[in-house]
Amino acid sequence: MIDVTRFNDKKFVLNAELIESIEETPDTVITLTNGHKYLVKETVDEVIDKVYSYKSRIFSQFAKVNDN
């Protein structure tokens, strides 16, 4: 899950596993696999960084479990 910000400054959490595409039009639009679209304040690069960070946390937890 990643946290993003609407243009009214309200933060919400988005399931990063459902992101199909991210585009700047010039605002950032996140489209999910179910067709829902979200307009957010973060740039495309910021959203990508949040997804990488989320995935890194998930995979590092998985690695810890498998090391035991």
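**Exercise 1. Determine which residues T31 touches, not counting residues up to four places away in sequence.**

Solution. Step 1: apply the contact criterion, namely heavy atoms within 4.5 Å. With residues up to four places away in sequence left out, T31 touches L18, I19, E20, S21, H36 and K37. The model is a predicted one, in which local features need pLDDT of at least 70 and side-chain atom pairs count only at pLDDT 80 or more, while totals for chains, interfaces and linings use all residues. Residues are numbered from 1 along each chain as its sequence is written, and side-chain values use heavy atoms, with hydrogens and water left out.

Step 1: T31 belongs to strand β4 (residues 28–32); helices (H or I, at least four residues) and strands (E, at least two) are DSSP runs, numbered from the N terminus.

Step 2: classify its exposure. Buried means under 20% relative accessible area, exposed over 50%, and partly exposed in between (1.4 Å probe, protein chains only). T31 has a relative accessible area of 8%, and is therefore buried.

**Exercise 2. Describe how β4 is joined to strand β5.**

Solution. Step 1: count the bridges. Two strands pair if DSSP finds at least two bridges between them; β4 and β5 (residues 37–40) are joined by four, and the two strands run antiparallel.

Step 1: V40 in β5 is the residue opposite T28.

Step 2: examine the connection. The two strands form a hairpin with four residues between them, and G35 in the turn has a positive phi of about 95°.

**Exercise 3. Find how many aromatic pairs the whole structure contains, and characterise the geometry.**

Solution. Step 1: state the criterion. Rings of Phe, Tyr and Trp (its six-membered ring) pair if their centres lie within 6.5 Å; planes under 30 degrees apart count as stacked, over 60 as edge-to-face and the rest as tilted.

Step 1: search the structure. One aromatic pair is found. The ring centres of F12 and Y38 are 5.4 Å apart and the planes stand at 40°, so the pair is tilted. It links distant parts of the chain, with F12 in strand β2 (residues 11–14) and Y38 in strand β5, 26 residues apart.

Step 2: consider the surroundings of F12. Its relative accessibility is 14%, so F12 counts as buried. The charged end of R6 sits over the F12 ring, 4.2 Å from the ring centre; the criterion is NZ of Lys or CZ of Arg within 6 Å of the ring centre and within 35 degrees of the ring normal.

**Exercise 4. List the salt bridges that the structure holds and locate their partners.**

Solution. Step 1: apply the criterion, a side-chain nitrogen of Lys or Arg within 4 Å of a carboxyl oxygen of Asp or Glu. The structure holds three salt bridges.

Step 1: treat K50 and D3. Their side chains meet at 3.3 Å, N to O. This pair links distant parts of the chain: K50 is in helix α1 (residues 44–67) and D3 in strand β1 (residues 2–5), 47 residues apart. K50 is partly exposed at a relative accessible area of 23%, as is D3 at 35%.

Step 2: treat K41 and D9. Their salt bridge has an N to O distance of 2.2 Å. K41 lies in the loop between β5 and α1 and D9 in the loop between β1 and β2, so the pair ties together parts 32 residues apart in sequence. K41 is partly exposed at 40% relative accessibility, whereas D9 is exposed at 52%.

Step 3: treat K55 and E17. The closest N and O atoms of this salt bridge are 2.9 Å apart. Distant parts of the chain are again linked, K55 being in helix α1 and E17 in the loop between β2 and β3 (19–24), 38 residues apart. K55 has a relative accessible area of 26% and is partly exposed; E17, at 42%, is also partly exposed.

**Exercise 5. Identify the residues joined by a cis peptide bond, and the residue other than glycine whose phi is near 70°.**

Solution. Most residues other than glycine have a negative phi, and most peptide bonds are trans.

Step 1: inspect omega. T25 and P26 are joined by a cis peptide bond with omega of about 5°, and P26 lies in the loop between β3 and β4.

Step 2: D9, a residue other than glycine, has a positive phi near 70°.
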